[in-house]
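Have the sequence and the 3D view open, and follow along one stop at a time.

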Amino acid sequence: MIRRLKMFLGRILLKLLPLQAFPKLNRYCLLLMGHKIGKKSLLYSSVEVLGLIKLDVGNEVFVGHRTLFMGGSSTITIGKNCDISSNVSLICGSHEIGDVMRRAGKGISNDITIGAGVWIGYGSLILGGVTIEDGAIIAAGSVVNKSVAKNTIYGGVPAKEIKKLEIHEIR
């Protein structure tokens, strides 16, 4: 009950902040809501966290405007030094396939894990149960429904491997 109250009050406070201003203040609001947000991470105030999602964000992460974290009681883990563009959706929740009377059956929720140094392009959709390994790039507008290997570029609908990247050490 207390966690839900913190989430509610935090959402109200975030809605009052200008879209581009105060990303550091937004970080503190998310911390007050019980999320783990690393040092020097910037999340704009238009970022939305809906449902009972728990965020675990590493250091020096950037999350752009209107990014949505949503689903059931899952965790979204984002490694250090990641860049997530605007209008990206990370959706943990889905449904089992129901019977003919109602195809959207029982609700389910699966964690999302994003490794260190990942770059996710504008308007991408990351679905529950996906792991994006260190150093990967997700092209703008992609729908990622399967895990992504490290140091690769994935893109498309659904996202497929486009290119393997040279391996550089991730700080």
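## Around valine 143

Leaving aside its neighbours within four places in sequence, which residues is valine 143 in contact with? Please keep in mind that you are looking at a predicted model. The contacts of valine 143 are Leu125, Leu127, Gly156, Val157, Pro158 and Ala159, once neighbours within four places in sequence are set aside.

Valine 143 itself sits in strand β17, which covers residues 143-144. Take leucine 125 from that contact list: 18 residues separate leucine 125 from valine 143 in sequence, yet the C-alpha to C-alpha distance in space is 4.7 Å.

## The parallel sheet

Next, find the open sheet of 5 strands, which run in the order β1-β4-β7-β12-β15 with parallel pairing. At its edges are β1 (36-37) and β15 (131-132), each of which pairs on one side only. As a reminder, strands of a sheet pair through backbone hydrogen bonds, either parallel or antiparallel.

How many bridges join strand β12 and β15? Strand β12, residues 112-114, pairs with β15 in the parallel sense over 2 bridges. Here you can pick out threonine 113, whose bridge partner in β15 is threonine 131.

Last stop: Leu25, Tyr28 and Leu31 make a nonpolar surface patch of about 270 Å². One of these residues, tyrosine 28, belongs to helix α2, residues 23-32.

Why does tyrosine 28 count as partly exposed? Its relative accessibility is 49%, so tyrosine 28 falls in the partly exposed class, as exposed would need over 50% and buried under 20%.

Technical notes: Residues numbered from 1 in each chain as written. Predicted model: local features only at pLDDT ≥ 70, side-chain atom pairs only at ≥ 80, totals over all residues. Heavy atoms only, no water. Helix = DSSP H or I, 4+ residues; strand = E, 2+ residues; numbered from the N terminus. Contact = heavy atoms within 4.5 Å. Pairing = 2+ DSSP bridges. Patch = residues over 30% accessible without salt bridge, like charges linked within 9 Å, V, L, I, M, F, W, Y side chains within 5 Å. Areas by Shrake-Rupley, 256 points an atom, 1.4 Å probe, with all protein chains shown as cover. Salt bridge = Lys/Arg side-chain N within 4 Å of Asp/Glu carboxyl O. Buried < 20%, exposed > 50% of the residue type's maximum accessible area, 1.4 Å probe, protein only.
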